[in-house]
Amino acid sequence: QYRRAILNLPGGTPTTYEVATGNPVVPVTQAQVSLYGQDTMKVLPRLSVTFGLRYQLEIHPNSFPNFRPRLGFLWSPDKESKWTIGAHVGLFTIWDTPSNLTEVERLNGTRQQQYTVYSPSYSTPSVPVAGSIQVGTRNQFSPGVGQSPGFQFAVRVAHEFPHHWTAQFEYGFGADWESFRVVNVNAPKVADSVGVAPDPTAALLAPRPITPNENIMQYQTYGHSQGAVYTANVKQNSYRRFNINATYWYLDFKENPQTPQSTYS
C-alpha cells in the first residue's frame with residue numbers, strides 16, 4: 001500500500017491518518033487511601049479464626065463507601081499439627097489506574113483535540129479530498145464510576161513430612177465486576193444488513209446519536225472477570241546451604257474488560 005502510494009498507483013490511498021493537537025501537559029492528581037484492621041482468635045487448641053475489615057477511598061474519580069470484610073480459619077486435625085487445613089474468603093475493591101484518568105483528562109475535548117482522517121491523501125492528509133472522512137475523538141467517564149468490587153475465596157491443605165519436607169495444595173476462586181470497558185457511545189447508527197458486505201464509507205457517514213463526526217469513548221463499568229487458581233507446592237528449607245521449592249500453577253480465567261469487539265453488541 002505504501003509503495004503504491006509513492007508511485008501514485010490505484011490502491012495507494014492510506015487507510016487512516018491520526019493526529020492530536022493541543023496542550024501536551026496533562027496534570028493529574030489522584031489520591032488513594034486504604035485502612036485495614038485484622039484480628040486472630042484461638043477459639044480451640046488447634047483452631048484459630050481470623051476476621052478483618054478494609055476501607056478504601058479514592059479521589060478522582062471519587063469513590064468513598066467501600067467497606068469490605070474478610071473471614072478465615074486455620075485448623076489442625078492431629079495433635080502434632082502435621083496437617084493444617086485453612087480457608088479464607090473476602091470482598092475487595094480495586095482502584096482505578098492512573099492511566100485511565102490520564103487518558104480521559106488528555107482527550108477531554110479541551111486540553112487536546114484528536115482527529116482521524118479515513119482514506120486521506122498521502123501527501124496532504126489533513127486536507128479533505130474526495131472520499132476522505134474526518135472524525136474527532138473525545139474521552140469521558142460514565143456517571144458514577146468508582147472502584148471495582150471483587151470477591152476471593154481460597155482453601156489450603158498442608159502437611160509436614162519427615163526431614164522437614166512440606167507439601168501444600170491450594171484452590172482459589174476469584175471474581176470482579178464493574179471493571180472498566182471503553183465504549184464508543186456516539187457510534188454511527190449503521191443500518192442492519194444480512195448477506196451484504198458492509199460499506200465502511202456509508203457507515204462513517206451514518207447519523208450519530210449525540211454529535212456528528214465525533215467518537216465519544218466512554219469509560220463504563222460493566223466489565224467482569226472470574227476464574228480459578230490451582231496451586232501445588234513442595235519445599236525443603238532446613239538445609240544450610242540451599243533450599244528446594246517447586247510450585248505448579250494452573251489458572252483458568254475468563255474476562256471481558258477493556259474494549260469490546262463491537263460497539264453495537
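Strand β4 (residues 67-75) and strand β5 (residues 83-94) pair in the antiparallel sense, with six bridges between them. Two strands count as paired if DSSP finds at least two bridges between them. Strands (E, at least two residues) and helices (H or I, at least four) are DSSP runs, numbered from the N terminus. Across this pairing, arginine 70 stands opposite glycine 90 in β5.

This is a predicted model: local features need pLDDT of at least 70, side-chain atom pairs count only at pLDDT 80 or more, and totals for chains, interfaces and linings use all residues. Residues are numbered from 1 along each chain as its sequence is written, and side-chain values use heavy atoms, with hydrogens and water left out.

Strand β1 (residues 16-22) pairs with strand β6 (residues 112-118) over seven antiparallel bridges. Tyrosine 17 faces valine 117 in β6. β6 also pairs with strand β7 (residues 133-141), antiparallel, over five bridges. The bridge partner of threonine 116 in β7 is valine 135.

**A surface patch**

Val89 and Phe153 are also members of a nonpolar surface patch of about 570 Å², along with Met41, Val43, Leu44, Phe51 and Leu71. Patches are made of residues with over 30% relative accessible area and no salt bridge; like charges are joined within 9 Å, nonpolar side chains (Val, Leu, Ile, Met, Phe, Trp, Tyr) within 5 Å. Accessible areas come from the Shrake-Rupley method with a 1.4 Å probe, and for residues only the protein chains shown count as cover. Strand β2 (residues 31-44) gives the largest share of the patch, three residues. Valine 43 is found in β2. Its relative accessible area is 44%, so valine 43 is partly exposed. Buried means under 20% relative accessible area, exposed means over 50%, and partly exposed lies in between (1.4 Å probe, protein chains only).

**The core**

The largest nonpolar core has seven residues: Leu101, Val104, Phe141, Val145, Phe180, Val182 and Tyr219.

**Alanine 158**

Alanine 158 lies in strand β8 (residues 148-161). With a relative accessible area of 15%, alanine 158 is buried. Beyond residues up to four places away in sequence, alanine 158 touches Lys82, Trp83, Thr84, Ala167 and Gln168. Contact means heavy atoms within 4.5 Å.

**Salt bridges**

The structure holds three salt bridges. A salt bridge is a side-chain nitrogen of Lys or Arg within 4 Å of a carboxyl oxygen of Asp or Glu.

| Arg | Glu | Closest N and O atoms |
|---|---|---|
| Arginine 106 | Glutamate 103 | 3.1 Å |
| Arginine 111 | Glutamate 105 | 3.6 Å |
| Arginine 138 | Glutamate 214 | 3.3 Å |

The pair of glutamate 214 in strand β10 and arginine 138 in strand β7 links distant parts of the chain, 76 residues apart. Glutamate 214 is buried, at 18% relative accessible area. Arginine 138 is partly exposed, at 22%. Arginine 106 and glutamate 103 are three residues apart in helix α2, so about one helical turn separates them.

Note on methods. A nonpolar core is a set of buried Ala, Val, Leu, Ile, Met, Phe, Trp, Tyr and Cys residues joined through side-chain atoms within 4.5 Å.
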